[in-house]
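Have the viewer open and follow along from the annotated domain to a helix and then to a pair of strands.

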Protein chains: 2
Amino acid sequence: MTWLDLPDGTGFGITNLPYGIFSTPGTARRTAVAIGDRVLDLAAATGDPVHATGTLNAFMARGPAAWGALRRQLTAWLTDPAHRAAIEPLLSPRADVTMHLPIEVADYVDFYSSRHHAENLGRMFRPGTPPLTPNWTHLPIAYHGRAGTVRVSGTPVIRPAGQLGAARFGPSERLDIEAEVGFVVGMPSTPGEPVPVDAFTAHVFGVCLVNDWSARDLQAWEYVPLGPFLGKSFLTSVSAWVVPLAALEAARVAPPARDVELLPYLDDSAAPWGLDLTLEVRLNGELISRPPFKQLYWTAPQQLAHLTVNGASLRTGDLFASGTVSGPAGDQYGSLIELSWNGTAPLTLAGGARSFLEDGDVVTITATAPGPGGTRIGFGEVTGTVTPAPRRAPA
Amino acid sequence: MTWLDLPDGTGFGITNLPYGIFSTPGTARRTAVAIGDRVLDLAAATGDPVHATGTLNAFMARGPAAWGALRRQLTAWLTDPAHRAAIEPLLSPRADVTMHLPIEVADYVDFYSSRHHAENLGRMFRPGTPPLTPNWTHLPIAYHGRAGTVRVSGTPVIRPAGQLGAARFGPSERLDIEAEVGFVVGMPSTPGEPVPVDAFTAHVFGVCLVNDWSARDLQAWEYVPLGPFLGKSFLTSVSAWVVPLAALEAARVAPPARDVELLPYLDDSAAPWGLDLTLEVRLNGELISRPPFKQLYWTAPQQLAHLTVNGASLRTGDLFASGTVSGPAGDQYGSLIELSWNGTAPLTLAGGARSFLEDGDVVTITATAPGPGGTRIGFGEVTGTVTPAPRRAPA
């Protein structure tokens, strides 16, 4: 129990304690923890300069023992009334602060781990062939995205222009979302040494929400044979808050049954880290999808083990995302290309029909997960408003 | 003319002046410029703390005017005998210093811009279909690689392990090279604002050599549909020296004729930046290929314009590489998969036949380009020795 008066139904209760980077007018960026509708200034509360660096990276690099120690300290401060007098003045209303990108992103990797999403795209783009490629059930497919264009929730989504086909240039006509969950690496690894599935919690600091904005027309023309590039690289939005892994113990579930026997390096059955998150996707305020993360075929420890099995090393700030989260039902798809079935079945919304995003559209993704003792763990939101492609000289 | 006594045929003459990061035992990393077989300590020579930061990034972020000013200063110091007494004590033999990764890599993008390379791979892997995909002549295809595993020349090449096919795991049996040329971004760009071809020299600082080590078996199994991932991410090696664009004016040539009319944003005909570099690839000391960079279909300004046309922004330290450089002749291919035609025609070398790399193999890539007044511009080398895959518990 905290001595704070928390709003009913907050996802930022005492069992969550997510980290972010905030500022107020005239002050530098520093670390905060969210509690209810307020933020606690950790630079002031701890006096530790690590929380005044303007990103979470330096703190994340201290490792799991330091993460655990601070979490225990925060819990004590916010529950023991003896600390109230010292801590309360360091709280600010969340509505009064500006949130920034919480991490300096090192490498950004995007997986493709939802079976339903991969099957839906296979059915649309490779009709008459098996919806999954032969490798899909053997390994978590992924590619590297552009780390330099990962930005915080609220960053405007400038409609990208590019090649829409041979000798066709213009603003994307098929701008889409991808509702995803991201995992943030705190502890680096040694070059040449794979990170086994059971070292997941020794390296991963926490979890955020991701919207991997996608221009389907750019992507379709460019992606054979080397994969997505400009169709994705203009912007990837992440939530302002990073939920510590320690807040997600009650959300852990076993992942779906496996189609094929996995190689030992991908066997996470001893301590599974499927997660019972439910995402909600809203377009101009209207709920359009509730993707169930627990149905993801590949878990985060499997993704991490795969991404390092060739000896590739991790850095503090690496971000790896799940890929679009889609469930089996038509109202559980994590992208508009699935929700509108490639534009053949537009969504009917209060604001009009939608297959892809129009200028001015606002997309907001939220999520919750079970917390200890019947509490709920919230992830805040990742949101963005589509702005028109800039006017340029004819290209 | 410099007052230094330079070795005959040096590629590091007074018209080159490449930058790198060096240290000596017990001293911190700092910036050097190479001249002949020596390095000049720029932290000491200039007294400017920007050259004591341990990477070139902070200096690169100052922009082209600062790059030009320092280059004029260096030329004066090294040519006017009046400066000899002050400068000579700040020179060290290159053989006595340790070189480090010259830049902190922000995002790493790898293009696919050699037509001969793309056609060779198409012929091998998609026989009976046109060797180039339909998009190839319309846009410079590229993908994002792993920035965190870009390392300096000389870093051991630990043979990667991974999935070689369904339920097959082990060290790569088809470890390969890719001889490439890399371009280093100094000046960032604004999100949402494309960088036109004629802004190339306002953003790009210099040029290095790249070996994009590739595990062909891992790559073949994983790469459909999202492109290369673990087949590349274990290591990318770069040369220790970054040659300033200003040293390459005499090497500029027009690129090959275009098959199709290009969209205006890719039209670089007003000021072409094809470059007459000749690469040399040596395997255990034996020359196996001389890839001609001037035959690259897509130039660096085109690559930069394409990579930003969707509004993706640049950061200081971004590295974009050409992709494997291959010429039309069989002794001009930039990869072993081409030189051995997918293993069907192994190379006959003094050390034995080679289709792919064996443990202990040493691969060294060098390059030269024409400089002003009949001089030659050298790029140093990018080299690496293959070491065995680590012994691990059975996976």
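A word before the annotation: UniProt positions are given here in the numbering used for this chain, and such annotations may be inferred rather than shown by experiment. Keep in mind, too, that this is a predicted model.

**The annotated domain**
- According to an unreviewed UniProt entry, residues 109–386 of chain A form the feature "domain: Fumarylacetoacetase-like C-terminal".
- Across residues 109–386 of chain A, 32% of the chain is strand and 14% is helix.

**Helix α3 of chain A**
- Helix α3 covers residues 64–79 of chain A, and at 1.5 Å a residue its 16 residues should span 22 Å; the end C-alpha atoms are 22 Å apart, so the expectation and the model agree.
- On α3(A), the buried residues are A:W67, A:L70, A:R71, A:L74, A:W77 and A:L78.
- These residues sit on the same side of α3(A) because they cover an arc of only 125° around the axis.
- Turn to the face away from that buried side and you will find the exposed residues A:A65 and A:R72.

**Strands β10 and β11 of chain A**
- Strand β10 (residues 161–165) of chain A has five of its five residues buried, so β10 is largely enclosed by the rest of the structure.
- Its partner is strand β11 (residues 168–171) of chain A: the two run antiparallel and are joined by four bridges.
- Within this pairing, A:A161 stands opposite A:P171 of β11(A).
- Two residues lie between the strands of the β10(A)–β11(A) hairpin, where A:A167 adopts a positive phi near 60°.

How values were computed: Residues numbered from 1 in each chain as written. Chains lettered and ligands numbered in written order. Predicted model: local features only at pLDDT ≥ 70, side-chain atom pairs only at ≥ 80, totals over all residues. Heavy atoms only, no water. Expected span 1.5 Å × (residues − 1). Buried < 20%, exposed > 50% of the residue type's maximum accessible area, 1.4 Å probe, protein only. Arc of directions from axis to C-beta. Pairing = 2+ DSSP bridges.
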